[in-house]
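Let us take a friendly walk through this protein, with a few stops along the way. Please have the model open as you read.

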Amino acid sequence: MTDGEMQAAPFEAAHWDLVPGGTALVVIDAQNDFLHPDGWYATQGIDIGHMQRCIEPLKALLAAARTKGIPIVWTRHGIRGAEDGGPFMQLRPFLAEGGLRRETWGWEVLADLSPQPDDWYVAKTRLSAFYGTDLEVVLRGLRAETVLMTGVLTNQCVAATSKDAMFRDFKPIVIEECTGTTLPHLHEPAIEMMRVGWAEVRDLESALSEIRQLAPARAAGGA
């Protein structure tokens, strides 16, 4: 390559317009054990401050999505114990005696986010919310094409789920302010990895602006 030649960019940054009637909001693992000060992570001495950064932005995004009839899909990470947790449990010894256990308070979605009974709920046991779950079936049933991705942890379940979404030909859009992690120094590298690899990453205000411009979804059976 000569001095006058420019190196080609090895990727094209994604930008996908939200598909009217074909957009879903996935909130990954916004559970008490991750986000509540009385949850397992906090009570085991893990700093949850960076994860909690996503709470207020999520409230705004959820409110906007509900106004336009965008379906909300909550994932919840939960296991019975080491047996169904897999080798991952060896990497998280603080979960050996509790935390992220199904049908417990810690497994439930944070009440401050106002989850509704008619939202969609997907139970998972691995980092990707697609692995061994019905998330793909739910999103296909909702006719989702563009999928807003939010939640925790940025470098773990958000990265894994957004990548698997692309593998299934959905168009994942990660909302940066609506994500967080236990290791803040990995947040930006994970965001950049998604941005150059398989997802659009956008800020909250641009997402809200586009949602506001969408026509409200019609109720089933409506004229």
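A residue counts as buried when its relative accessible area is under 20%. Keep in mind that this is a predicted model. By that cut-off, phenylalanine 130 and phenylalanine 170 are both buried.

These two rings also belong together. A pair of aromatic rings is described by the distance of the centres and the angle of the planes. There are 3 aromatic pairs here, and one of them joins phenylalanine 130 to phenylalanine 170 in a stacked arrangement, 6.2 Å centre to centre with 20° between the planes. Phenylalanine 130 sits in the loop between strand E3 (120–124) and helix H6 (135–141), while phenylalanine 170 sits in the loop between H7 and strand E5 (171–180), so their pairing ties together parts that are 40 residues apart in sequence.

Another pair is made by phenylalanine 34 and tyrosine 41, and this one is tilted: 4.8 Å centre to centre and 55° between the planes. Both phenylalanine 34 and tyrosine 41 are buried. Ring pairs link Phe34 and Tyr41 with Phe94 into a cluster.

Finally, what about disulfides? The count is 0. Cysteine 54 has its closest cysteine sulfur in cysteine 178, 7.1 Å away, which is too far for a bond.

Methods: Residues are numbered from 1 along each chain as its sequence is written. This is a predicted model: local features need pLDDT of at least 70, side-chain atom pairs count only at pLDDT 80 or more; totals for chains, interfaces and linings use all residues. Side-chain values use heavy atoms; hydrogens and water are left out. A disulfide is a pair of cysteine sulfur atoms within 2.5 Å. Rings of Phe, Tyr and Trp (its six-membered ring) pair if their centres lie within 6.5 Å; planes under 30 degrees apart count as stacked, over 60 as edge-to-face and the rest as tilted. Buried means under 20% relative accessible area, exposed over 50%, partly exposed in between (1.4 Å probe, protein chains only). Helices (H or I, at least four residues) and strands (E, at least two) are DSSP runs, numbered from the N terminus.
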